[in-house]
Each structure stands twice: as C-alpha cells, then as structure tokens.
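These are my notebook entries on one protein model. I set down what I looked up, topic by topic.

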Amino acid sequence: MAVGGSSPNADRRTVDAASVLVRAPVFFQTVLYGVCVALLCLMFPFAGARAAESGIDVFTEDLPPFNHLEGGSIKGPAVDIVLALFNKAGIPLQQSDINVVPWARGYHIVLNEADTALFCTARLPEREPHFKWVGPILYVVSGGMVPRWSPLALSSPAALRGRKICVVNKSAGHEWLLRNGFEQEALSLVPAPEASVKMLLAGRCEVLVASVQNTLHVLKVMGKPVESVDARLILHRYPLYLALNPNVSEEQYKALQSAYDSMLCNGGVGGASAMHSLIGAYGDVLPPETYPEERKCPR
C-alpha cells in the first residue's frame, strides 16, 4: 500500500509533542520520546508495512489496456502476468497488494527503496544499471493507423510524408515524428487519445500515429468496433518489463526469472504457453506484436 500524507491535526500533535520534549528534563525526555514514537506508530500504522506478505512492494500505473483501473481494482494482461509470475515463483502476491500510483512516483519509489518492483517499465539504456529486470512481459507497439475503409497504403515511414497526421501532444508518437523531421505545423495535435480517435474516424486527419494497443482500447471504451481502425504501419515495438530494485534478494530475482522462462514454454505448440494464454484473453485490443516470443521447451 502506498504511503499517504499526514493530516494537519496529526502534524500539530507532532509539533506539540516535540516542544514538550525540549522543555522537559532528560529522564522525562526519554519517557516522552518513547510515548511519542508509540503515538506516531498508531497514527501512521502502515508507513513501514507496505510490502505485505510477499516482502516485495509492487507498484504500477493506470496504463490501459496493459494495466488499468476498473471499478476500483487494477486489471489487465500485465496485472495477470505479474500475479502469475510471483505466485509461480513462490512469492505470494494478490491483486489487492498492487499499489496504483502516478508513473513518476512509482518510478522514484522503486529506484530508491529496497524490496520494491514496478511494471510496466520500458528497459532503456539509461535505466539499465538501476534495476534487476524480468521480462519482457509485453510489447507496446507504436504505429500509423487509418480508418478501415481508407485506401491509403503505408509501406514505410516515408509514406507518412505529405499526409494529414493527428497525434496526441507530447506523446511518444509526437516525439518520434519530430525526431524524424516532421514539421510541428504539419501535425494536428490533440490533448488526449479519445480526441485523436474521434478525429481519425471523422475524416479530419488521414493517419493517427499512436500506441496501437491504446487506440484499440479507446475504441472499445467508446463503444466502437476495434475493426474500425487498421494499423498499416508499425513504427516501433518497445519491450516492457517488471523492474526490481537492486536490493531485492538474488533468490527472489532468480525465482521470478525462472518463473518467467517457464511461462514462455509452449511444448512445441505455437500459442500454447502460459504467457500467451494470459495475453490471449485480451486479444481484441492486443495485436500479435504484443506477445513475447515463445520457447519450444516442455510446458
């Protein structure tokens, strides 16, 4: 469970107790100090007990469709995979144990606190030495999408030039376009994924550059058939991992990695691995490029 902030009343009680300590003789300072510590433990009972039964405190963000909040619970293929990994490794973890926090907060916690883990984390060169990595558990796919009825062929990134492109402002797709020489003025920038999908379907742009999985999820939430949009150009395929703080024990890390390896075994039958079975339950919003590569080892 994530640590919350203190209330104003609690802050005042702490300050008042501290002022008493300054004025009291040494003996009474010692006694009062013990009382104050006990009171603080009662006021903030979970501050040092987030890790629960597994000993590893697990964090994620609301990142549909991989992990998203629904009815107050965190759900999605990444959640199912991480729960299966932990339990197969003999490290108890329940859905209610997973902390859902903003990305920056979760990343900061797992970077700095022992016995913590974060998913889904992109494995970037600058992050490599700071974590122990298990995965990839999934791939996020960035692509150029058009309405299903569009005759537009996108055989290469060069085919995007001269087209009216809509993209979410400051998104990974937006950054990719700018890095590859597309002029800011030539792009139709929108504030959120749903707005970009509406623009595409209304014919106000020819191509949407975005995460394929997130676009399909948005269509589903909007009540539109996921077949309304066709991903005709794959631009990037980013691996997503379970990132562990380096202080997670080597025994637990090896158990999780071993569990991951075994979940990819398909017994020589394509699509028969435990990993692909978990992801397949969400197949309507997860294209084939989402899946990690299976291995022909015994299941």
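**Entry 1**

I looked up lysine 170 and found its place in the loop between strand 7 (165-168) and helix 5 (172-179). Helices (H or I, at least four residues) and strands (E, at least two) are DSSP runs, numbered from the N terminus. I note that the model is predicted: local features need pLDDT of at least 70, side-chain atom pairs count only at pLDDT 80 or more, and totals for chains, interfaces and linings use all residues. Residues are numbered from 1 along each chain as its sequence is written, and side-chain values use heavy atoms, with hydrogens and water left out.

Lysine 170 is not a glycine, yet its phi is positive, about 70°. At 64% relative accessibility, lysine 170 counts as exposed; the term means over 50% relative accessible area, buried means under 20%, and partly exposed lies in between (1.4 Å probe, protein chains only).

I then turned to aspartate 115, in the loop between helix 4 (103-112) and strand 5. Its phi is also positive, near 60°. Aspartate 115 is partly exposed, with a relative accessible area of 31%. I recorded for background that most residues other than glycine have a negative phi, and most peptide bonds are trans.

**Entry 1: cis peptide bonds**

I found a cis peptide bond between phenylalanine 119 and cysteine 120, with omega about -5°. Cysteine 120 belongs to strand 5 (residues 116-122). The bond from glycine 135 to proline 136 is cis as well, with omega near 10°, and proline 136 lies in strand 6.

I traced an open sheet of eight strands in the order 4-1-5-10-6-9-7-8, with mixed pairing. Two strands pair if DSSP finds at least two bridges between them. Strand 4 (99-100) and strand 8 are the edges, each pairing on one side only.

Strand 7 and strand 9 pair in the parallel sense over two bridges. Helix 5 packs on the sheet and touches strand 7, strand 8, strand 9 and strand 10; contact means heavy atoms within 4.5 Å.

In strand 8 (residues 187-190) I looked up leucine 187. Leucine 187 is buried, at 9% relative accessible area. Leaving aside neighbours within four places in sequence, leucine 187 is in contact with Ile165, Val167, His174, Leu177, Leu178 and Phe182.

**Entry 2: helix 7**

At the start of helix 7, a side-chain oxygen of serine 211 comes to within 3.5 Å of the backbone nitrogen of glutamine 213. Helix 7 is followed by glycine 223, with a positive phi near 80°.

**Entry 3: helix 3 and helix 8**

I examined how helix 3 (residues 77-88) packs with helix 8 (residues 250-263): the angle is about 115° and the axes are 8 Å apart. Axes are lines fitted to C-alpha atoms, for helices over the stretch in contact, and angles run from 0 to 180 degrees between N-to-C directions. Ile81, Ala84, Leu85, Phe86 and Lys88 in helix 3 meet Leu256, Ala259, Tyr260, Ser262 and Met263 in helix 8.

How values were computed. A polar contact is a pair of N or O atoms within 3.5 Å; within protein, one must be able to donate a hydrogen and the other to accept it, and residues adjacent in sequence count only if both atoms are side-chain atoms.
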